[in-house]
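Here is a short briefing for a reader who is new to this structure.

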Amino acid sequence: MNQLRLGYLYGLGAYVLWGFFPLYIKVLRPTGAVEILAHRVIWSVAFVALILAVTRHWAFLRTLVRQPRLLAGIAAAAVLIGVNWGVYIYGVNADRVVETALGYFINPLVVVLLGVTVLRERLRATQWTALGIGGLAVVVIAIDYGQPPYIALTLALSFGGYGLLKKRLGLPATEGLFVESALLALPALGYLAWLTWHSELSFGHSSATHTTLLVLAGAATAIPLLLFAGAANRLPLTNLGMLQYLTPSLQLVLGVLVFHEPMPPARLAGFALVWLALIVFTADAIRHARRSARATVHAVRVAEPV
């Protein structure tokens, strides 16, 4: 199997697993959102530590200790991904899967916006158009909800910021996830200890199946991230970007058809605007990538000796 096909398989695996993740969260009821988050953090540390022990990739820790600025950047990334995980779990348990899907639909537009505001990047006219349509979509959906879609916006902003930090830090997926989860593990353990003190901990006090599913939250977190890393190393960025819409599409289908969440006409109109913005954004990205590829081929041909 060639590397490109393997990259597509990894990418599809990651985005499909993320797309069906609401089903996993729903099964963990009646455990509260914060306890689920705590278990997700703690068991992620254990699962990734096992991978690192098998592959013997511990040397990066010595390098990390000597770079306090890098460690501070990882801590910031850990806070952002912790917020993202927690809000996502809350959204699913609050029967707002459709709104969580919206968050990941608008995430590419938020990434572009962060590029403008943080990295001072210049946008093409088509990208500004996509951002404008996306902003209008948020307004329409806010009118339908009677308030801004806070869950969707928090998910998009936290994951967009996390992606920006990860790009700057440049850590491998496994090592980065281990350190991020390890930094979150202390408050997670503290919260579980508090629940135990108040006799409110569900872990170990429900069925064996429920307890096992909480433990497996670590693997359910790490495996898609590792698959994504494998895809990112093998696929062009444009191809990977096209696959990312699979996750919120699956979540939207689950929200409407499986969990029977409402989709009134106004909300549907807002989603239609989001999809229009993504079509404009994606078409521009593909066109720009093709132009860049043609320019590179032309430059190589000009540089070839006669």
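At what angle do helix H1 (residues 3-19) and H13 pack, and how far apart are their axes? They pack at about 30 degrees, with axes 8 Å apart; axes are lines fitted to C-alpha atoms, for helices over the stretch in contact, and angles run from 0 to 180 degrees between N-to-C directions. This is a predicted model, in which local features need pLDDT of at least 70, side-chain atom pairs count only at pLDDT 80 or more, and totals for chains, interfaces and linings use all residues. Residues are numbered from 1 along each chain as its sequence is written, and side-chain values use heavy atoms, with hydrogens and water left out.

**H1 and H13**
- H1 and H13 are therefore roughly parallel (angles under 35 degrees).
- Leu12, Tyr15, Val16, Trp18 and Gly19 of H1 make the contact (heavy atoms within 4.5 Å) with Leu246, Thr247, Leu250, Gln251 and Leu254 of H13.

**H6 and H13**
- Helix H6 (residues 97-117) packs against helix H13 (residues 246-258) at about 165 degrees, and their axes are 8 Å apart.
- H6 and H13 are therefore roughly antiparallel (angles over 145 degrees).
- Val97, Val98, Thr100, Ala101, Tyr104 and Phe105 in H6 meet residues of H13 that include Pro248, Gln251 and Val256.

Methods:
Helix = DSSP H or I, 4+ residues; strand = E, 2+ residues; numbered from the N terminus. Parallel < 35°, antiparallel > 145°, perpendicular 65-115°, else oblique.
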